[in-house]
Amino acid sequence: MPRICAIFTHFGSAERSLTCLRRLGAQTRRPEQILIINNSTADDPLLPAARQLAAELFPQDTLHILQMESNLGNAGGCAHGIEHAFAVLKADFVWVLDDDSWPRPHSLENLLAVEVDDMTVRMSMVIDPSKNDELSWPLTITTDNEHRPWISVLTKAELPHGNIIPSRAGWLGALYPREAWRKAGVPTPELFIRGEDEEYPWKVREAGFKFITIADSPLEHPSSKLPLICYRVGKHSFFYEPGLPEGRQYYKVRNWAWLQRLKHPHSPLHRLAACGFYILLSLRAMLQTNEVTFKKLYTLFRALHNGFYGKLRPY
């Protein structure tokens with residue numbers, strides 16, 4: 001039986017992290033190991049509470065806590081967590097969660113019930129229970145395995161029928177095999193937040209892996225408070241998240257522009273044009289949502305500049 005290690009980062013809310021731990025304890029097929037990456041201080045109230053809860057719910061030595069020297073964000077924490085899970089805990093698979101992403105009782109069992117080859121990453125379907133179990137965020141899928149016309153869908157009604165949905169990539173809820181770590185390494189820690197969800201799946205896909213979403217493996221996670229703004233340009237989709245704080249906006253945009261350097265290392269004009277379209281579509285969305293402020297505009301241009309030139313400077 002494969003050894004599964006569920007990982008998630010903690011920073012701020014002990015109740016969210018304890019809820020995630022309880023949900024893992026309620027799994028019909030429990031992970032052999034649970035790794036909490038603590039981006040908070042070593043005296044955070046979560047730590048004794050988590051150890052006590054784990055003693056009640058799990059066999060001895062199921063829970064592991066990896067202490068970070070400072071807050072490395074989700075990307076930095078998960079980079080250390082994935083490395084620790086595979087190199088030290090000898091896991092066969094890492095199930096990527098977050099402190100506010102909570103699996104339902106059959107989620108892991110149903111995920112593992114789908115047999116795949118060694119080069120396939122299975123993913124839970126990320127849903128928002130407060131919105132009638134709709135998708136928490138866009139899912140990029142294909143309905144044609146041969147020609148791969150990728151499309152981003154926003155609702156379950158747009159998904160194809162069946163339990164197995166070919167997908168472009170995924171992070172939260174993904175069950176990454178050891179071989180993916182061996183071939184693609186770990187997320188880039190300097191991305192901090194809002195970047196590992198695109199960068200790491202891209203690296204894994206470039207290493208030859210494919211992704212599938214399993215419909216009957218739900219993972220609860222809150223969606224954006226305000227509806228996403230979506231623009232479609234040809235085969236491409238652009239999503240703008242209204243109400244996003246400037247700090248999160250900075251990392252989202254900076255990391256997107258930085259990732260274009262990886263995807264098109266020898267095409268600076270292509271990247272420049274992509275950034276230009278990003279600016280135009282962002283300005284349109286800001287006007288549409290009445291979010292045109294000096295701080296938002298400055299954040300947009302600074303983030304694109306730093307990402308374009310490969311500078312992962314903090315906010």
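**Helix pair**

I started with helix 8 and helix 9, which cross in a right-handed way (the near helix is turned clockwise from the far one by less than a right angle). Helices here are DSSP runs of H or I with at least four residues, numbered from the N terminus. This is a predicted model, where local features need pLDDT of at least 70, side-chain atom pairs count only at pLDDT 80 or more, and totals for chains, interfaces and linings use all residues. Residues are numbered from 1 along each chain as its sequence is written, and side-chain values use heavy atoms, with hydrogens and water left out.

I looked up the geometry next: helix 8 spans residues 268–288, helix 9 spans residues 294–308, and they pack at about 165° with axes 11 Å apart. Axes are lines fitted to C-alpha atoms over the stretch in contact, and angles run from 0 to 180 degrees between N-to-C directions. The two helices are therefore roughly antiparallel (angle over 145 degrees).

Who touches whom (contact: heavy atoms within 4.5 Å)? From helix 8 I noted, among others, Leu272, Cys275 and Ile279; from helix 9, residues including Leu300, Phe301 and Leu304.

**Cysteines**

I searched the whole structure for disulfides (cysteine sulfur atoms within 2.5 Å) and got zero. Cys275 is in none, since the nearest cysteine sulfur, that of Cys230, is 20 Å away, too far for a bond.

Is each one buried or exposed? Cys275 is buried at 7% relative accessible area (buried is under 20%, with a 1.4 Å probe and protein chains only). Cys230 is partly exposed at 25% (between 20% and 50%).

Terms used:
Angles under 35 degrees count as roughly parallel, over 145 as roughly antiparallel, 65 to 115 as roughly perpendicular and the rest as oblique. Contact means heavy atoms within 4.5 Å.
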